[in-house]
Structure formats: structure tokens, C-alpha cells
Amino acid sequence: MKARTLITGVGMATPHGIGVADSWAATRAGKNAIGRITRFDPSPYPSRLAGEIRDFDPRDHLPDRLVRQTDRSSQLALTAAAHAFEDAGVRPADVPEYGGGVVTAAGFGGIEFGQNELRNLWSRGSRYVSVYQSFAWFHAATSGQISVRHELRGHAGVLVGDQAGGLDALAQARRRIRRGSRLIVSGGVDASLCSWGWAAHLATGQISAGEHPERSYLPFDRAADGHVPGEGGALLILEDERAAIERGADNVYCEIAGYASTFDPRPGDGREPGLRRAIELALADAALGPWEIDLVFADAAATARMDREEAEALIAVFGAFAVPVTAPKTAIGRLCGGGAPVDVVMAALAIREGLIPPTVHVEPSPEYDIDLVTTHPRPASVRTALVIARGHGGFNSAMVVRAVD
Amino acid sequence: MSQQEFTLQDLKRILLDGAGADESVDLDGDILDTDFEQLGYESLALLETGGRIEREYGVELHDEIFTDNPTPRALVAAVNAQLGRMASA
Amino acid sequence: MNRRAVITGVGVLAPGGTGVQNFWDLLTEGRTATRRITLFDAGSFRSRVAAEIDFDPAGHGLTPQEIQRMDRAAQFAVVGAREAIADSGLATVAFDPHRTGVSIGSGAGAVRRLDSEYRVVSDDGRLDLVDHAYASRHLYRQCVPSSFAVEVAWATGAEGPATVVSTGCTSGLDAVAHAADLIRDGTADVMITGATDAPISPITLASFDAIKATSTRNDEPRAASRPFDADRDGFVLGEGAAVFVLEELTGARDRGARIYAEIAGHATRSNGFHMTGLRPDGRELAEAITAALDEAHTSPEDVDYVSAHGSGTRQNDRHETAALKRGLGAHARRTPISSIKSMVGHSLGSVGSLEIAASVLAMRHHVVPPTANLHTPDPECDLDYVPITAREHRTDTVLTVASGFGGLQSAMVLSRPDGSAA
């Protein structure tokens with residue numbers, strides 16, 4: 001029997017705040033964190049809402065020298081990683097030298113840092129480009145900086161799978177733990193709220209043009225018209241069960257019990273998307289039947305096509321109205337590589353607290369036969385939860401977490 | 001053309017702008033003869049600092065400038081020597 | 001059951017000529033493909049040499065829509081994947097798309113498109129708030145390079161797990177390692193894997209100029225990349241892609257596939273020390289080598305050839321020499337070691353896959369490529385770095401290593417599965 005991979009600590013940086021307590025309190029209360037963009041002037045753009053992390057001063061959390069050489073995405077990730085270690089009650093120095101590692105998902109990399117240096121290059125000349133551009137913008141920067149700061153000398157990984165990448169990163173961490181790593185800090189953070197990143201979001205044609213923060217990101221709603229991007233993410237401490245027992249870990253949330261990922265057929269192919277298969281394979285990996293899943297965190301893309309695909313896959317696997325479905329991300333936006341790790345933390349907290357956080361703002365369309373938990377948190381005994389994440393182009397990932405006795 | 005002068009204050013300003021400061025170091029203390037490394041500045045921070053001095057003062061610093069001048073006092077003197085050579089050229 | 005991952009198809013786009021045969025000819029003849037940069041006017045940069053590919057995407061069968069949609073690096077990946085599939089013979093058998101995945105490495109993503117698109121939407125940096133009306137409708141796929149995996153999946157019909165691995169300069173090993181893991185743990189039976197990078201752009205040059213990491217031997221471009229040589233002065237940027245078909249051994253044998261090599265072991269370690277600096281003793285790279293050899297159930301004495309990282313920076317080549325001595329012990333002095341970056345430059349993430357390709361070709365032909373330009377060995381780089389001339393050498397097991405920013409160190413062991421033709 002394979003050793004289990006446990007979640008023994010979590011750290012978050014989301015539009016609801018820095019730290020798990022703030023994020024969970026706001027999420028369970030259904031508080032909205034989407035608003036008009038303040039990080040740059042959004043008035044020239046057709047979409048002006050985002051889930052921003054307000055009041056984050058990196059110098060409150062990180063040494064000045066480190067702040068100079070990092071993009072905002074890495075600063076948020078470094079902050080969340082430190083919180084995760086604290087939450088787990090483990091000091092990286094106590095992990096055997098090559099036993100601790102880091103695997104993160106990245107979507108945009110250090111895009112804001114990159115925009116500043118591209119501006120220096122083209123408006124002032126190549127000699128004005130920072131030495132830190134050589135690594136601060138690239139997708140490996142966050143994993144690298146976390147490993148340097150916490151002296152984690154074991155495995156290091158970085159995966160890019162758009163919104164699905166966060167689950168893929170956690171799964172790679174689990175795979176490395178099964179092959180001998182003791183502890184891996186894993187998850188993802190994205191921060192693309194600069195005008196350059198915004199132009200990229202707009203290019204997808206999938207960004208809500210809504211003006212009202214509470215009526216703009218509306219998955220499974222008749223008014224669904226694209227999503228609202230957000231920034232942030234989560235880092236989790238994953239540990240080999242034996243290693244966690246050995247050190248006396250006392251904050252075990254749950255285990256990562258199953259995972260799978262698939263890719264959709266080519267556009268226009270006409271065959272069924274890969275999502276149902278991803279869910280079924282993740283359940284099989286967890287050795288659980290559909291009837292044993294207590295809660296689903298939906299991807300909730302909020303376009304008519306994607307919502308229909310997701311609802312159809314859920315109904316095909318679980319049956320109509322057979323399992324509660326939620327998407328708390330309607331309060332914070334879609335976080336790209338950071339989104340799914342936040343949902344996994346929410347799933348872990350739902351298991352611990354016996355409470356399903358709501359999908360705020362949404363009036364479910366009767367078109368979808370799913371039990372969407374809206375408006376108010378719903379008390380429930382949650383032993384298992386499924387997290388779904390889909391990325392631009394056809395990525396489908398699914399992960400099952402399960403309570404640990 | 002009159003010679004620009006490069007002072008310790010200029011160096012401190014450029015260090016702070018480009019690389020920031022290590023929390024355990026007081027740049028306002030007596031740092032003239034302290035190695036940059038002990039002040040918390042490694043190779044990258046020094047490359048950034050050298051690049052900024054070059055841009056601001058229009059000088060060319062050779063690749064080994066920080067190896068040959070590992071303290072603020074030595075560096076300030078070396079940069080001024082370079083500025084002097086440019087003014088008299 | 002013990003599942004094993006083997007390479008059954010290879011596709012290469014490298015400086016000096018596209019295709020596997022041109023690549024191998026260049027390496028075995030010891031020719032260097034480094035030259036003055038022609039992709040744009042690099043006159044104002046400190047380093048103005050690179051190893052470029054003369055690449056005609058339409059000539060490789062890409063449609064105008066594909067060319068418009070894809071960054072050069074994505075184009076390389078698609079062309080490489082098609083060549084690898086053709087080489088493997090997989091296209092002629094019914095393979096299960098659900099059991100076929102994609103793992104593509106890239107260190108710099110779509111940096112060329114990002115650079116050129118930024119100039120347009122910002123009016124050459126004059127606008128702080130970029131003008132989205134001038135943005136290409138493909139801008140998102142340039143910013144988030146998971147699009148590379150999308151393109152390869154579409155090109156090959158893969159519908160299993162797909163991802164991009166972006167661990168900087170170790171991406172080319174790490175992407176293939178990830179693919180091997182998925183085959184070994186039963187997630188996939190076939191993986192289209194490898195790495196691509198096309199980083200030769202103004203922003204890349206400027207960032208490496210700033211840290212003085214690249215060679216300034218601008219007047220002698222062909223001699224600019226000189227790993228392990230006393231006169232080396234930095235790496236030379238390159239570009240390219242190598243893509244492989246990786247299959248589970250039993251399935252590959254059942255269909256009578258040609259088997260190049262097994263991915264027998266791999267490991268990644270971080271130095272947990274500095275984003276660009278290396279500890280001189282090479283401990284973490286040595287540890288990665290030891291872990292990869294352990295996973296392959298191989299001892300240092302079995303290593304017939306080492307494909308070095310050998311970037312040609314002052315720091316790397318000494319660090320690597322120390323790491324090889326530490327990781328291989330006395331055998332480090334007996335085994336031939338070379339850096340193909342002397343010929344094809346350093347294409348950041350993709351070069352690790354080009355080095356895997358060189359390694360499997362060395363196993364196929366029992367010839368190890370040389371380190372070009374190595375005329376005056378650095379006394380501190382005192383191993384057998386196969387200077388100048390390729391060497392006939394019995395090669396059944398290869399160690400290939402990579403080292404990158406972020407402190408990442410990766411090692412991979414390639415071996416000949418028992419019973420496969422030598």
C-alpha cells in the first residue's frame with residue numbers, strides 16, 4: 001500500500017487577505033472581494049473589475065533585499081510559504097537536508113516585473129534593464145526563491161498548466177513524496193494585475209465586462225458572461241504520512257487521495273471534452289465511488305460552453321443534483337495558477353469545519369441540474385471533496401482530498 | 001569640463017535604490033572600510049550597483065571593479081579616479 | 001509490475017541545421033553554429049553572438065494561422081514533435097490518445113513574442129498603460145506558456161495529461177523526467193516530451209548583459225562558446241528544441257519499436273543558496289547525480305559518457321568539475337565528458353533536451369561529441385572534456401546534467417534496456 005500524502009499546513013494570499021484565518025472567515029461568510037482595479041488605472045479598458053489583494057506591503061513580510069529582486073507573484077508566494085511552514089509547525093531546517101522540496105504552478109510568471117523591465121529596455125535602453133530581470137520574470141523564480149529562503153535542497157519543480165496547473169503541481173509533489181521526499185511545499189500563486197497582464201486577459205475575450213462587482217463573475221447563472229481575474233494563491237505543506245507521524249505533526253488537515261488530468265480533443269473534433277474522464281480517473285486513483293464524494297469545488301469558468309461542459313460532466317459522473325457543488329472563487333476571481341490550490345485549502349477547511357462555503361452572487365440557471373450551494377454556507381459532514389480545475393486550450397485536472405482519522 | 005564627484009552618500013543612495021539594504025546593516029554607520037559582502041551585498045547586487053553608477057555618471061567601470069575595490073572607500077576612490085581620467089581626456 | 005520508460009522517437013531543431021541527422025553531423029564534426037546575431041539588430045548590446053537556427057516555419061508545414069498564433073519556440077516544439085512521432089513509427093499504429101500525454105519544457109516561454117508585442121502595445125515603452133486595442137488576440141497564450149503543451153497536444157492528438165515544465169535551465173531534463181514518471185506510475189503509456197526555447201530577443205540579451213553572463217567575444221563568434229577553456233568568458237545564447245516519443249517498454253517492444261534508450265533514473269536538487277550563485281563544492285549537483293544513479297541501479301563506474309552542462313561561464317565550469325568529481329568519484333577522471341553548448345550554444349530550458357538527444361545518438365553510434373573550442377583547458381577543469389574532436393567510444397550508459405538559475409541542479413541517467421540492440 002502506498003504511503004499517504006498529508007496536508008499538514010497551509011498558507012494563503014488571496015483578495016480576502018493574507019493568511020488562512022482571514023480568507024476562510026471571509027469565504028464562509030460569503031464576503032465579496034471583487035472591485036474596481038486600483039493597481040493601475042482601468043478606465044481605458046473594457047473590463048475594469050478584478051480580485052485584488054489590497055494593503056499588501058511586501059516589506060511587512062519579507063526582507064528588503066528580497067523585495068528588490070522579486071515580482072509581486074513571488075512576494076505573495078514567499079509570504080504564503082512562510083505562513084504554511086508556521087501553520088504546519090515545522091522548521092525547514094528540521095527536515096533532513098535533501099528531504100524537503102518545492103513544487104509550484106506558475107501562469108504568468110513575473111509579468112509585472114517583466115513589464116517594468118521591458119519599459120526600461122524600450123524607453124531608455126538596454127543598460128537600464130535590472131540585473132534581477134535575468135530571473136525575476138521567469139516561471140521558475142518562485143520555486144527558486146522559496147528553496148533559497150527556506151534552504152530546501154530536495155526536489156524542485158515548476159509546472160505551467162494555466163488554471164489547471166495548481167493541481168498538477170500538488171500532484172507532482174505527491175508523486176515525489178511517494179518516491180522518497182519527506183516534505184514538499186507546493187501550490188501556486190499568480191499576480192497578473194498590471195496593464196500588460198490585463199491586455200493579455202482581455203485578448204481571451206473571456207473577461208466579464210460587468211460594472212457591478214456582485215453581478216460580474218456568474219458561473220452557472222443565465223447571466224454568465226465571462227470571468228473576473230484575481231491575484232493570489234496558496235502554498236501547502238505536503239508530507240509523507242510516516243514523516244509527519246515521526247515529527248509529531250499536530251495540524252493534519254486531510255490527505256491528497258486522488259488526482260488525474262486529461263486534455264480535451266482538438267477544437268471542432270466534436271467528441272466529448274476530457275473533463276468527465278479526469279474526474280473518473282481521479283476517483284479511481286482515490287479508490288472512491290462517486291457516491292462517496294461529499295462536495296465538489298467546480299472550475300466555474302462562467303462561459304455558457306464551459307459551464308455546460310462542466311455541469312454535464314458532473315451529472316454524468318454523479319447524477320443530477322446528487323452532490324453539493326460550490327465555487328467560492330466567485331468572491332475573489334479566477335487566480336490562474338493560484339486558483340486550484342486555494343480551492344484545495346478551502347476543501348481542507350470544509351472537511352475540518354463541516355461547512356460548505358457558498359458560491360456568492362450566483363442565481364443558478366435551471367438549465368444545469370446541479371446542487372449549487374449559493375448565498376449562505378451550508379453545514380455538512382464533509383469527509384471527501386473533489387476539486388476541478390480547467391485551463392485555456394483544453395487542460396482538465398481533478399483532485400480528491402479525504403479526511404484523515 | 002568640471003569633474004563630477006562621486007561621494008559615499010551617492011554610493012549609499014544607489015545601493016538602496018538598486019539592491020535595498022540588509023536589515024542587520026546600518027548603512028549610516030561607519031561603513032567606509034567594511035567589505036560590501038559584510039554589508040550584505042553579493043555579486044548580483046554589486047552588478048546592479050555598478051550598472052547604476054555607469055548610467056548616472058556616464059563612466060565605464062571594468063568587470064573586476066568590485067573585486068579590486070571591495071569596500072566603499074576603495075570604490076568611491078576608484079570611481080572618482082575614473083571620472084578624473086574622463087574629465088582630463 | 002515494474003514499468004519502464006524508453007525513448008522510441010527523436011525530433012531535433014538545433015542551430016546549424018534542423019533534423020536529427022544535421023544535428024549529429026554538426027556535433028560529430030565538431031563544428032560551431034555560433035555567429036553574429038541576425039534575428040534583429042543587436043549592435044547596441046554587450047554580447048552580440050548567438051547560435052541561431054535558419055528556420056522556415058512554412059517549409060516545415062506550419063499553416064499561416066499556426067505561424068501567426070505561435071511564438072517561434074512553440075513552432076519549434078510542434079515541428080520537433082512531428083519529427084519525433086514520424087521517427088517513432090507511432091503514427092502508423094493505433095495509439096490510444098487517452099493514454100498519450102504531453103510534457104514540454106521551456107525556460108523562457110514565448111519571450112520573443114512578448115518582447116515584440118510589448119513594443120506595439122506600449123508604443124516602445126512610452127505608454128505606462130498599454131493599449132490593448134493593438135494587442136494580438138493571441139497575447140494570452142504568449143504570457144502563459146502552457147499554450148506550448150496545447151499546441152503539441154493538438155499537433156499529435158494527445159488527450160492524456162498535458163503540461164509545460166518551466167524550471168529555467170533545467171527544464172529540458174525535468175520535462176522528460178516528469179514524462180518518465182507518468183509512464184512509470186501508470187498514468188500514461190506514451191508521452192510526447194522534450195523542451196523548446198527561442199530566447200534570442202532584445203530583453204533576453206539585455207538581462208544577460210546586465211549580469212555579464214554572456215560572452216563578449218563578438219569578433220570571433222565561432223570561438224565564443226568555450227566551455228572548460230581557460231579563455232572562456234561566458235555562455236553564448238542559443239535556441240532550439242528536441243522532442244521525444246517516450247513509451248512504456250513493454251508496449252514499445254510489442255509493437256517492434258526501435259528503442260534508443262531508457263530513462264533509467266533522474267533527480268533534481270536545489271542548492272538552497274542563491275538564485276544565480278553556485279557553491280564551489282558542487283554538493284547539490286553531486287547529490288542529484290548520486291540520486292539519479294541510485295534510481296537507475298547504476299554505479300558511477302558504469303557511466304560511459306557524461307553530457308555536461310558546460311555553459312562556459314567562469315563559475316559554472318569549475319562548479320561542475322567539482323560536482324562531477326564528488327558525484328562520480330575516481331571514475332570522473334576516466335569517463336569522457338563534453339559540452340555540446342560549445343557548438344549549439346545555450347538555449348536555456350531547451351538545451352537539456354538537446355543534450356538528451358545528443359546522448360541517445362552517442363549511444364546509437366558509440367561516438368561521443370567533442371567540446372569545441374577547448375584549446376587551453378582551465379587547470380581547475382581537469383577532467384577529460386574531449387577537446388575539439390569527436391571520439392569513438394563504447395557508450396551504453398550516459399549521465400546528463402543541468403544547472404540553472406534558482407539554484408536548481410538536475411541529473412538523468414540514460415541506459416540501454418537489456419536485450420535491446422546495441
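In the predicted model, chain B is built from four helices and contains zero strands, so that its elements, read along the sequence, follow the pattern α-α-α-α. The C-alpha atoms of chain B fill a box of roughly 40 × 25 × 20 Å along the principal axes. A compact globule with 89 residues would have a radius of gyration near 12 Å, and the value of 13 Å computed for chain B agrees with this expectation. Of these 89 residues, 27% count as buried. Among the contacts in chain B that link residues at least 6 apart in sequence, 66% join residues at least 24 apart.

Chain A is divided into domain 1, covering residues 5-247, and domain 2, covering residues 255-402, and the centres of these two domains, taken over C-alpha atoms, are separated by 21 Å. The contact between them involves 61 residues of domain 1 of chain A and 56 residues of domain 2 of chain A. On the side of domain 1 that touches domain 2, two or more residues are given by each of strand S1 (5-14), helix H1 (20-28), strand S4 (49-51), H7, strand S7 (183-190) and strand S8 (232-240) of chain A. H7(A) gives the most to this side, with seven residues. By class, the side of domain 1 of chain A that touches domain 2 of chain A has 28 nonpolar, 22 polar and 11 charged residues.

Helix H7 of chain A, which contributes to this domain contact, comprises the 14 residues 165-178, and at 1.5 Å a residue these should span 20 Å; the C-alpha atoms at its ends are 20 Å apart, which agrees. H7(A) is also mostly covered, with 13 of its 14 residues buried. Just after H7(A), Gly180(A) takes a positive phi of about 125°.

Chain A is in turn in contact with chain C, and this contact takes 68 residues from chain A and 69 residues from chain C. On the side of chain C that touches chain A, at least two residues each are supplied by helix H4 (111-121), helix H5 (139-143), helix H6 (147-156), strand S6 (162-165), helix H7 (171-184), helix H8 (202-210), strand S10 (261-270) and helix H10 (283-295) of chain C. The largest share of this side, seven residues, comes from H8(C). Sorted by class, the residues of chain C on the side that touches chain A are 30 nonpolar, 26 polar and 13 charged. Strand pairing also links the two chains, in that strand S6 of chain A (residues 156-160) is joined to S6(C) by two bridges, with the strands running antiparallel. Within this pairing, Val160(A) stands opposite Val164(C) in S6(C).

Within chain C, three strands form an open sheet in the order S3-S4-S8, with mixed pairing. Strand S3 (34-36) and strand S8 (237-238) of chain C stand at the edges of this sheet and each has a single partner strand, so one side of each is left without a neighbour in the sheet. Strand S4 of chain C, residues 49-51, pairs with S8(C) in the parallel sense over two bridges, and the bridge partner of Ala51(C) in S8(C) is Gly238(C).

Note on methods. Residues numbered from 1 in each chain as written. Chains lettered and ligands numbered in written order. Predicted model: local features only at pLDDT ≥ 70, side-chain atom pairs only at ≥ 80, totals over all residues. Contact = placed C-beta atoms within 7 Å. Nonpolar A, V, L, I, M, F, W, Y, C, P; charged D, E, K, R; others polar. Pairing = 2+ DSSP bridges. Expected span 1.5 Å × (residues − 1). Buried ≥ 20, exposed ≤ 12 C-beta atoms within 10 Å, placed from the backbone. Domains from an automatic or database assignment. Rg over C-alpha atoms; globule rule 2.2 N^0.38 Å.
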